[in-house]
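Have a look at the sequence and the model before reading on.

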Amino acid sequence: MNTVLSRANSLFAFSLSVMAALTFGCFITTAFKDRSIPVDIHVSKVMIKNVDDFTGPRERSDLGFVTFDISANLQPIFDWNVKELFLYLTAEYSTKSNALNQVVLWDKIVLRGDNTKLNLKDVKSKYYFFDDGNGLRANKNITLTLSWNVVPNAGILPLVMGSGHKSMAFPETYETSKSY
Amino acid sequence: MYVFVHVPRQSRLGYIATQEIGSMEPAFHRGDLLFLTNRVEDPIRVGEIVVFRIEGREIPIVHRVLKIHEKENGDIKFLTKGDNNSVDDRGLYKQGQHWLEKKDVVGRARGFVPYIGIVTILMNDYPKFKVCNVSCLNDELFNAVREHASLL
């Protein structure tokens, strides 16, 4: 241990070991935490149209329009090992042609340090709510849930669903006017 | 986000090192290591981060599932999008392809460690770094041998 290089080498190796231990500590102390919180979802406006799916396969499909409110307090989820929460609002339903459909209507990234109180009103969906076919009309049971992907500093990437969901139904007839 | 994949053929658990583009920021950056599982019986659901390969292209992509339509017999078609992209991945798929299927999936991201892959990226971007690494190690080895030789 008498050259600068060998001392630097030992120091570097030691730092790496310490960082590895800290990283593992971050992971193991939060690996089994329950990251679910209650969520409140309300739906204020619902409409349905039947148009050519211009986002992809050009078939005539049902296009749903939903305006919703979300409120939740995300503060309890954040701890020393949560870097980011990827929130997404899912509409889940089943139709004659598909047993299970899930469509993400809206998403948001919340970083550590951002405002954690979510209180959104009259939000329009971010992504087009196209069905694979015509299964939305008169569909009585569409379930809206808010979920999040917890992105840690190091460790597991769990998907957690918030407790509290909202059931909604689409009308029997298509909207023909240009309004929304 | 394009990644450099190390997924052993037979095993269920693989890993990926070094993303190249920031389409999944701020969650993952260049140089992060993702742990994948590839259990075929795991259902594909929205919100999951999947690693998939487009037919005819070698490099796999790591993005999030945005939409799924699953039939009763288990046949599923789904759409993906990178967190940091403003549009979904249909522009990346093959000409005329609108959906991905189970067969396109290479794995699912379950865990993550930051910064580990940075060494591989540095070695690829700056070949001089590779040479420097090797020669430094050589010096160390030489010194160590010399010390032990003098003790004999």
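## Ground rules

This is a predicted model, where local features need pLDDT of at least 70, side-chain atom pairs count only at pLDDT 80 or more, and totals for chains, interfaces and linings use all residues. Residues are numbered from 1 along each chain as its sequence is written, chains are lettered from A and ligands numbered from 1 in the order in which they are written, and side-chain values use heavy atoms, with hydrogens and water left out.

## Chain B on its own

Chain B has eight strands and two helices; these are DSSP runs numbered from the N terminus, with helices being H or I of at least four residues and strands E of at least two. Follow the sequence and you get β-β-β-β-β-β-β-β-α-α.

Of the 152 residues in chain B, 43% are buried (under 20% relative accessible area, with exposed over 50% and partly exposed in between, using a 1.4 Å probe and protein chains only).

## Where the two chains meet

Chain B brings 35 residues to the contact and chain A brings 39, where contact means heavy atoms within 4.5 Å. Together the two chains bury about 2800 Å², with 56% of that on carbon and sulfur atoms; buried area is the accessible area (1.4 Å probe) that two parts lose on being put together, summed over both.

How many salt bridges does the rule find across the interface of chain B and chain A? There is one, and it pairs the side chains of A:D132 and B:K77 at 3.1 Å, N to O. The rule asks for a side-chain nitrogen of Lys or Arg within 4 Å of a carboxyl oxygen of Asp or Glu. On the side of chain B that touches chain A, the elements giving two or more residues are strand 5 (61–70), strand 6 (76–81), strand 8 (105–113) and helix 2 (127–151). Strand 5 of chain B has the largest share, with seven residues.

## Backbone details

In chain B, a cis peptide bond links B:E25 to B:P26, with omega about -5°. B:P26 sits in the loop between strand 2 (13–19) and strand 3 (33–37) of chain B.

Over in chain A, A:D122 isn't glycine, yet its phi is positive, near 55°. A:D122 belongs to strand 5 (residues 117–124) of chain A, and counts as exposed at 55% relative accessibility. A:A138 also has a positive phi, near 60°. You'll find A:A138 in the loop between strand 6 (129–130) and strand 7 (142–152) of chain A, partly exposed at 26% relative accessibility.
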